[in-house]
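Please take a moment to look over the sequence and the structure before reading on. The paragraphs that follow go through a few of its parts in turn.

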Amino acid sequence: MLEARLFGAFALSAPDTPVTPASARARSLLAYLALRPDIPHPRDRVAFLLWPDSTASQARTNLRHLLHTLRRSVPALDAHLVTGAGTLTLHHVRSDVADFDAALAKADSAEDPTPWLRAAADLYTGDLLDSCYDDWPAGARDDYRRRAGAALDRLVPLLESSGDPHAAVRYAEQARRLDPLAEAPYRNLMRLHDALGDRARAIRVYHEYTSVLADELGVDPSPRVREQYEALLPRHDPTPRRGGGTPYVGRRTERQRLTGLWRDAAAGASHLVVVTGEPGIGKTRLVEEFRHWVAHQGAAHAFARSYPAEGTLAYAPLAAWLRDLGPARWRARLTAAQLATLAVLLPELPVDPAPPEPGARLRLFDAVAAALRDGDRPVLLVADDLHAADPATCQFVHYLLRTGSRSPLLLAATARPAETDPGHPAHILLAELRARGHCTELPLERLDRAQTGALAARHGHSFSERDLTRLHTETEGNPLFIVEALRAGWHGGGTPPVLTPRVQAVLESRLLQLSDGARELLGVAATAGSSVSVDVLARAHPGGADRVAPDLDELWRRELLLTGGGDTYDFSHDKLREVAYRRLSPAGRRRNHELLARALPEVHAGRLDLVAGQVAAHLRAAGKADEAVGWYVRAATAASHRYADANAADLLHQAWESVRSDPGTDRELELLSRLPGPLVAAEGYASRRLRTVLDRAFTIAARLGTEPGAPLLRARAMAELSRGEFEAARESGARLCALGADDNVLAVEGHFVQGVAAAWRNETALARMHLRAAVDRYRPENRSAHLLAYSQDPQVLCLARLAHVHFCSGEPARARTLQGRAVELGRAVGHPFTLAAALLFAALLDLDLADLGSLRGRAGELAALCDRVEAPPIRLCAQAMTGYLAVLDGSAGPGLDRIDAALADPGRDSAPGVPAILLRIRLAAAQAAGLTGEATATARRLLAGNVRVWDATAREALSG
C-alpha cells in the first residue's frame, strides 16, 4: 500500500520509502489521484485541472511529459499508477483523508462517538493540501475544514461532560487555530479554563479574541461573549477598553514603498526593509498594517520580536517564525536530517535532535532557510526590534539574504540603530546588506499638525484649532506621545498636567491611575524584560496567584499589556516597560527578579535549557550571583548546542563576572577554560576579550600550581600567532606537544602551531619538520575531534602550508603535488572552512608561481565558498583576490580599493598572517597596474611586519 498524507503538506510513501517527487506539478497530480484512489480519471479532465490556462492540446502534451518524467524519477509508482485508454488511476493507496472520512462515518453511527471524533480530529493536522496552490483543491479544502470544525464542536462538550477537561482544552485550542474568528472555541476555552481553576487564562482567552476581532474585522466580541467574560470577573474598576480596531493614520508614502518592495520580492528579489525612527514613531504599527495587507493577499507570513533582556535564547526569532508559519506548511519539504536539525530549535518536533557535529551551524541555517522559503511563492517575515536581536539571529538573517537573493522573500524589520553600539551585530548586518544592495531603510518622521488631528479624531477626540495646535506642539507629533496624552485624560482646555516634552511624564501619569495590585503586576512584567506567560505571572505576582486575573485584566483594559503569541502578554510599547521598571525601588527590583528566577524553572520544568539564561540573569540582578553561575553555564551549553557561539561566550563571560568577588579559585579557572572555544568561534584569535581571559587564566594557573588545559594552551598559541608573537607561540605549541605525548589530537595541534609559527618566519626546515610530524601523528578517526574542538582539519591545513614551504625552499614541483593533495582532501572532508583555507593557500601558491589561469579558478571557488564561511580571514582574502583579478582585467582603481578595504577591516587580525597575505596580494596588484610608488610603499609595509615569507619578493620590488 502507498501511504498518502493529504492534510497539511502533501507526502506519499511506500513502506519506509518516501516516493514524493520534487516537482510541484507532479505532487499536485499524485495528490489529486490519491484523494480519489481506485477510480479511473479522464486524462482530459486531469490535464485541464493541472493546466487550466493552457489549450486542451497543450495540457494533454504537458500531462504526457509529466507522466513520463514521473515514471522515470519515481519507479516505485509503477505498481500503483495505471494508465488506461484515456484514463489515469492510482491503486492501493491509504490516506489520512480516507481515514478521516471513515472516522466521522463511525462517529455518526456509534453510541459513543467520542473516540471516533478524537481520531478524526487527530488526523486533521492542517488544511487539505495547504501547500498546493492550484485551484482544484479549493472546494474540497473548504469542505474538510468545515467538517473538521463541526467534529471539534461536537467533541469538546463530550470530553467536558465525560470529565476530561484537559483533553477538551486541547481540542478547543485546535478549533480556535482552525478558525481564529469563530466564537465557539473561545467561549469553550473560557468556560474550560475557569472550570479548571485557571481564571487568569480564561480571561486571557477573552483578551485574545478581542484583539483578533479588532485586528481582522474592527469589531468587538458579541454581547454573549462579553457577558461570559464579565461573569468570570466582576470588577469594580469601570475603565472600559477601547473597542474595535483603530484605523491607521498617514504614512501613505511609506505604505506604498512597502507594497512596491513586496512586489519586487514576489518577483524573486529577496530583500530586507528596515523601518527606522525614534521610539513611539509608529514603526511596529506600520509593519503590522503591512503584514495584515499581505495576509489578505493570501501569502505566507510570520512574526517575531527580539528583546534586549539578558539571557534570552539564541535564535528565538527563528523559532518564532517557524512556529508562526506552522510545521504543517514546511515539514513535508524537508528531509529527515533537516527536521532533526530543526529539533534543536523546536523541541516539540517529534524527532530526535541532531547531535553536535562539524559544520552543524551551516546545516541549521540551511534547514531553517528551507523551511522559511516556500518555493516560488512569496513569504513575508517580520522582525520587530531587530536592533535587539542576538548575534546568532543577525548572522542567520545575513546568511538567508546572502544565499537566497533570488528567493521570493521579504524581511520587514523595525529597528532603532541609533540606540545600539557601532559594533552591535545589527549594525554590521545592515551595513553589509546595504553594500550588497539587499537592504532598504525606510525612516519614519513625526506627524504633522493635520495628521495629529486625524489621530486624535480616530481616538474619539475633536479639538479646537487652539487645542490641536497645543497638542501638536507639546507632543512634537510623536504618535505614542499623542495617544498616551489622550489616554492619560486630556480632552482639551486648561493646562494639561500630562503634556510635557518628556515622554516619561506622560507615561508615568497613566501608571498612577492603576490599582496597587495591577501596578505590582506591571512591575513584574517590566522586570521580565520580554514577553511573559500567564503561568509565570501567576507564580511571580507579589499579590498572590488569586490576584492575577483581575490585575491582568485591568492592565489589558488600560492597554498597557497586550496578548502575544504562546499564551503570553507583552507591553504595548517598550517605553512603557522602561518607565514601569524605572519606577520600581532597588529593593522592589531585586524582589521581582528573584520572584521571576523562582517562577521560570517551575513553569518550564523539563525544559530548563530554554530559560536557563533568563534564570541566571534574574538571580544575578537579585543579588544571588553565586547561585547564578550554574545557570549561566547551563545556558551557555544550550547555546553551544544551538551553534550560537557569541551567545555562549557572553553567557560564560557573565558567569565569570559573577565569581570575580572570590577570585583566583579553581572554579574561576574552570570557567575561564570554557571560554576560549566559543570566544574564538565568535570573535577570532585577535579578540581583546580572549586575551583578557587567557592572561587571567594563566595567572591563576601559575598561582595554583596547575598546568593550563589544552583549550587554553592552543587558544593562547593561536592568539600569539595572530599577534605575530612567533617565539611565544612556539613555546605554547611545545607545551601542547608535551601534553599530547599519549594524545594524538593534542600532539597534532602542538606540531601544527609550531609548524605554522616557523612557516611565517620562513624557517623552512623547522616548519617542514613540525608540519610533517603533525601529518604523521594525524589519525582520520580523530577528524571529528579536531573539527569540533578547533574548527578545522589540521591534516588538510598542514599539507596546504607544506606546499608553500616547499615553494619557499625552491621545490615548486613538490609544492604543486602537495597543493593538489590539500585541495583534494579538503573537498573530501566536506568542512567549508577547511576547504576555504586550503583554497586560499593554493591561490597564494598560484600567485607566487604566476599561474594566473589556476589562480582565477581558485579565487572563484573561494569567493563562492564565502557564502558558507563567515570567518573574516577567508572573506577578506577572497575579497583581496577578486580585487587583484579586477586589476588584471583593467580596473586598477576599483581593484586596489577592494584590497585596501580588506586591509582596513578589523577582521584582518583575527587569524595568523592575514595582514601579510593581504599586503602580498596588494603588492602583486600594484605591480600589475604599473603603479611603482604603490608597489614600493606596499613592499616596505610587508617588510616592516613579522612575517618573513615574502621578504625576497618585497626586496625585489624595492630594487626594481
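Is Glu-441 buried, partly exposed or exposed? Glu-441 is partly exposed, with a relative accessible area of 38%, where buried means under 20% relative accessible area, exposed means over 50%, and partly exposed lies in between, with a 1.4 Å probe and protein chains only. The model is predicted, so that local features need pLDDT of at least 70 and side-chain atom pairs count only at pLDDT 80 or more, while totals for chains, interfaces and linings use all residues. Residues are numbered from 1 along each chain as its sequence is written, and side-chain values use heavy atoms, with hydrogens and water left out.

Glu-441 has a partner, for its side chain meets that of Arg-434 in a salt bridge (3.3 Å, N to O), a term for a side-chain nitrogen of Lys or Arg within 4 Å of a carboxyl oxygen of Asp or Glu. Arg-434 is likewise partly exposed, at 40%. By this rule the count comes to 73 salt bridges. Another one joins the side chains of Glu-465 and Arg-449 at 2.3 Å, N to O; because Glu-465 lies in helix α20 (residues 465-475) and Arg-449 in helix α19 (residues 449-458), this pair ties together parts that are 16 residues apart in sequence. Helices (H or I, at least four residues) and strands (E, at least two) are DSSP runs, numbered from the N terminus. Glu-465 is exposed, with a relative accessible area of 53%, whereas Arg-449 counts as partly exposed at 30%.

Turning to the strands, the reader can find an open sheet of three, in the order β4-β6-β5, with antiparallel pairing; two strands pair if DSSP finds at least two bridges between them. The edge strands, each pairing on one side only, are β4 (41-42) and β5 (81-83). Between β5 and β6 (residues 87-90) there are three bridges in the antiparallel sense, and Leu-81 stands opposite Leu-90 in β6. Helix α1 (residues 24-35) packs on this sheet and touches β4, β5 and β6, where contact means heavy atoms within 4.5 Å. The direction of α1 makes about 75° with that of β6; axes are lines fitted to C-alpha atoms, for helices over the stretch in contact, and angles run from 0 to 180 degrees between N-to-C directions.

Lastly, His-770 is found in helix α37 (residues 764-777) and is buried, with a relative accessible area of 9%. Leaving out residues up to four places away in sequence, His-770 touches His-751, Gln-754 and Gly-755.
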